[in-house]
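Subject: Handover of a structure

Dear colleague,

Please find the structure below, together with its sequence. My notes on what was found in it follow.

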Amino acid sequence: MSLEELRVNSQLLADLSEDSFRFLESVAEEVTFETGTVIFEEDGPAENFFLITDGKVGLEVPPRTRPAVLIETLGPGDLLGVSWLFPHYRWNWRARALAATTVISFDAEAVRTRCDHDTALALNVHRAVAKEAVRRLHQARLRLLDLYKEPGT
Amino acid sequence: MTQTRVPTGTMPQPMRPRPFRIQDRFAETPDTITFVLENLEDPVTPFRPGQFMMIYVFGVGEVPISIAGNPKMPHNLVHTVRAVGAVTDAICALGPGDVVGARGPYGRGWPVDEATDRHLVIVAGGVGLAPLRPAVLEGLTRRGEYQSLTLLYGARTPTDLLYKQDLLGWKASPDIDLEVTVDQAPTDWWGDVGMVTSLIGRASFQPSTTDALVCGPEVMMRAVARELRDRGVAVDRISISLERNMKCALGFCGRCQFGSDFLCKSGPVVSYGQFAGRLSVNEL
């Protein structure tokens, strides 16, 4: 799937000027991961961020002193990677392909540098990342409530 | 004054439980059991998806339990019961051959007829899948009448999923799009991890021609309804199932009053568009 095809429905790409869009296109590439491939590692350098176009990605706590814990799964249309935008540009969790997965991978450093003077791009990027961060915050709060433990039907 | 005497045997007796014998029981989870009941007075017990029965354990008490079976197979009554109190504990302790009392079916069910020619999106959380299972089965039976049929199901863990055999069959079926998510899972889990709301954005349906049926904890239903609304589903096309303390189930006693409605009659299935305001009233 090309970046052009994703343009309509992606918060990251919507409303971008043609110039900013062409820039993002120039630092993006389609990448495919086999099932089980680690896409990035906890505390590793956040050199890329990703738009998932197909498949499934799990955010995990890696198995250091206890078995791995799957925190959340992401799928088509989701933005994979938030930490790349904020110092010290390192990942907080491990991301692993849980199925054959295709993503659009962006060069994080190139985008950060461009955002320093392309304010329209910076606004779009920050909105997209904030939207994803807020979505995950809502999800985390709802899960904290342990809703399904309540008596029901 | 002339009085007309009517033999009491011919009068409707809406409060009288009819005897049902337990034919079979299946443990869905450690605290949730599915029962298959046989009506000992009538050959069939017709019902609509989303309706409930008042189940009476003799000498213990009576509780409302949603019907979880196939509406096209009314010869048996299927109920899934979670042991969360004195009566449900007593029900879950019963086995094949035991007899319970049952009144009903009662209440307004899921608007599966109004959803024909549209996308039917069913969103369930936890044991909320039980009252929705008849709607799923009806949707599959009448699959050609709907543009698409989608089930999004969230639970605590893979162990807590209801109807695991159904889920495996539905996952493999081309007639229904099923996505399952849990709050906590081992790394070999085949489904998703996260709230059921996260599945809505990824599901394939046209919001402007979608009817959504939602059942689960009230906080979850509010979050799901907002997510559906934000995606473009009309709030009057979102149905939710509300529970309050049903007692008579006939609209007399008032125990299940929710604002200006008795949920045993106006519900348990109601329009989110009409009830959203009441859901934000404390202690209502």
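In chain A, the axes of helix α3 (residues 108–115) and helix α4 (residues 119–144) come within 8 Å and cross at roughly 125°. The helices α3(A) and α4(A) are therefore oblique to each other. On the α3(A) side the contact is made by A:V111, A:R114 and A:C115, and on the α4(A) side by A:L121, A:A122 and A:V125. By type, these residues divide into 5 nonpolar, no polar and 1 charged. Please bear in mind, here and throughout, that this is a predicted model.

Is A:L79 exposed, partly exposed or buried? A residue counts as buried once 20 or more other C-beta atoms lie within 10 Å of its own; A:L79 has 19, so A:L79 is partly exposed. Apart from neighbours within four places in sequence, A:L79 is in contact with A:L12, A:L51, A:A128 and A:E132. The C-alpha atoms of A:L79 and A:F49 are separated by 7.8 Å, although the two residues are 30 residues apart along the chain.

With 14 other C-beta atoms within 10 Å, A:Y89 is partly exposed.

A:D43 also has a positive phi, of about 70°, and is not a glycine. Its place is in the loop between β2 (38–40) and β3 (48–54) of chain A. A:D43 counts as partly exposed because it has 13 C-beta neighbours inside 10 Å.

The sheet of chain B

In chain B, 7 strands form an open sheet with mixed pairing, in the order β10-β9-β8-β7-β11-β12-β15. The edge strands are β10 and β15 (269–271), each of which pairs on one side only. Strand β7 (residues 119–125) and strand β8 (residues 148–155) of chain B run parallel and are joined by 7 bridges. B:G125 stands opposite B:G154 in β8(B).

Helix α7 (residues 272–279) of chain B lies across β12 (238–241) and β15, and runs at about 95° to β15(B). Between α6 (263–266) and β15 of chain B is a loop that holds B:P268; a cis peptide bond joins B:G267 and B:P268, with omega about 5°.

The nonpolar cores

Which residues touch the most other members of the largest nonpolar core? Of its 83 residues, they are B:I55, B:A102, B:I122, B:V123, B:V214, B:V224 and B:I240. Leaving aside neighbours within four places in sequence, B:I240 is in contact with B:V214, B:C215, B:M221, B:A225, B:V270 and B:Y272. A second, separate core has 33 residues, including A:L85, A:A97, A:L98 and A:V111.

Where the chains meet

The contact between the chains takes 21 residues from chain A and 28 residues from chain B. On the chain B side, α2 (129–141), β10 (192–193) and α5 (218–231) each supply at least two residues. The most comes from α5(B), with 3 residues. The residues of this side of chain B divide into 13 nonpolar, 8 polar and 7 charged.

Yours sincerely

How values were computed. Residues numbered from 1 in each chain as written. Chains lettered and ligands numbered in written order. Predicted model: local features only at pLDDT ≥ 70, side-chain atom pairs only at ≥ 80, totals over all residues. Buried ≥ 20, exposed ≤ 12 C-beta atoms within 10 Å, placed from the backbone. Contact = placed C-beta atoms within 7 Å. Helix = DSSP H or I, 4+ residues; strand = E, 2+ residues; numbered from the N terminus. Nonpolar A, V, L, I, M, F, W, Y, C, P; charged D, E, K, R; others polar. Axes fitted to C-alpha atoms, helices over the stretch in contact; angles between N-to-C directions. Parallel < 35°, antiparallel > 145°, perpendicular 65-115°, else oblique. Pairing = 2+ DSSP bridges. Core = buried A, V, L, I, M, F, W, Y, C linked by C-beta atoms within 7 Å.
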